[in-house]
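User: I would like to go through the pockets of a protein model. Could we look at it together?
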Amino acid sequence: MERRIDVTVPRAEEHLLTPQLHRVAERQSDSDDVVSLRFDVAPGSAGFGQPGQFNMLYAFGVGEVPISFSRCDAQKGHIWHTVRGVGPVSRALAALDVNDAVGIRGPFGTPWPLETMEGRDIVLMAGGLGLAPLRPVVDHVLRQREILGKIRLLYGARSPEALIYAPELEVWAEERGIEVKVTVDHAAAGWEGHVGVITTLLDALPVDPEKTMAMICGPGLMMRFSVSALEGLGCAEERLFVSMERNMKCAVGQCGRCQYGPYFICREGPVFRYDHIRSLFRISDI
């Protein structure tokens, strides 16, 4: 008698393996090559996640890429994904317009530890497009401002033209008790802001290491220097969190593309507590 193998995917996990059709509800241009796409997704349903998590976005006929949430609005049922067009898939996503169809799988990964922020001073450090996964954290601290200590957002980009969410940066800087500092690597005449790597913004920043909790997202080198600078100020490793970028493909820990030592970024990450990955983090080619 032939033995049949059951390959049915449990219904609760269908959204992890099969893209669900969504249409772009709103499109915003954030810089020359960066756009943000809004999708209307009911909280608790496939595709709606938490700050720090990501979805797999499928451009039909082209391919699929992991994109972190750049906003999760449970009250309105909106999620946002910010995309820079650099490869075939991301360029196809960045070219989408309102009502265009996208396949979404997710949510995947670990979120930022927002539940541990109460009473802490918060330092958010973002490099380039790394501000996108931290924007939901900014939204959260604005809602929870009364139970938090000092809030600092340090943001660095290659040039003034590469800054994303520029209008929001101005609004955040005017919010009660939130300090926003921006720097660029280089700028033409007329730029009145700071020039230099992001860690130079820490030089004039009073930090209480006993109270400080930091969340960092950006290019690998930027995150390594940022972690080192915060450690140099006496901040505890267990209160430093980083969001790792890795070449994710399946998003369910099966293909091995995103392996990071004993971890899979898609499953145990992308957000890691620094002391859990310290021995791996300083190895630049792992």
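**Pockets and their linings**

Analyst: The residues that line the second largest pocket comprise 6 nonpolar, 3 polar and 4 charged ones. Please keep in mind that this is a predicted model.

User: How many residues line the second largest pocket, and which lie nearest its centre?

Analyst: The lining has 13 residues, and those nearest the centre of this pocket are Cys-72, Asp-73, Ala-74, Asp-139 and Arg-143.

User: Which element gives the most to that lining?

Analyst: Helix H3 does, with 4 residues. Both E5 and H3 supply at least two residues each.

User: And how much space lies in there?

Analyst: The second largest pocket holds about 290 Å³.

User: Now the largest pocket. What volume does it have?

Analyst: Its volume is about 1,200 Å³.

User: Which elements give two or more residues to its lining?

Analyst: Among them are the strands E5 (63-73), E6 (78-84) and E8 (121-127), together with the helices H2 (88-94), H3 (131-143) and H5 (220-232). The largest share, 5 residues, comes from E5.

User: How many residues line the largest pocket, and which lie nearest its centre?

Analyst: There are 46 lining residues, and Leu-129, Gly-130, Gly-218, Pro-219 and Glu-245 lie nearest the centre.

User: How do the residues of that lining divide into nonpolar, polar and charged?

Analyst: The lining of the largest pocket has 24 nonpolar, 14 polar and 8 charged residues.

Methods: Residues are numbered from 1 along each chain as its sequence is written. This is a predicted model: local features need pLDDT of at least 70, side-chain atom pairs count only at pLDDT 80 or more; totals for chains, interfaces and linings use all residues. Side-chain values use heavy atoms; hydrogens and water are left out. On a 1 Å grid over the protein atoms alone, a cavity is a set of points where a 1.4 Å probe fits but cannot get out, and a pocket is an open set with protein on both sides within 12 Å along at least five of seven lines; lining residues have an atom within 4 Å of a point. Grid points are joined across faces, edges and corners, and a volume is the space filled by probe spheres set on the points. Ala, Val, Leu, Ile, Met, Phe, Trp, Tyr, Cys and Pro count as nonpolar, Asp, Glu, Lys and Arg as charged, and the others, Gly among them, as polar.
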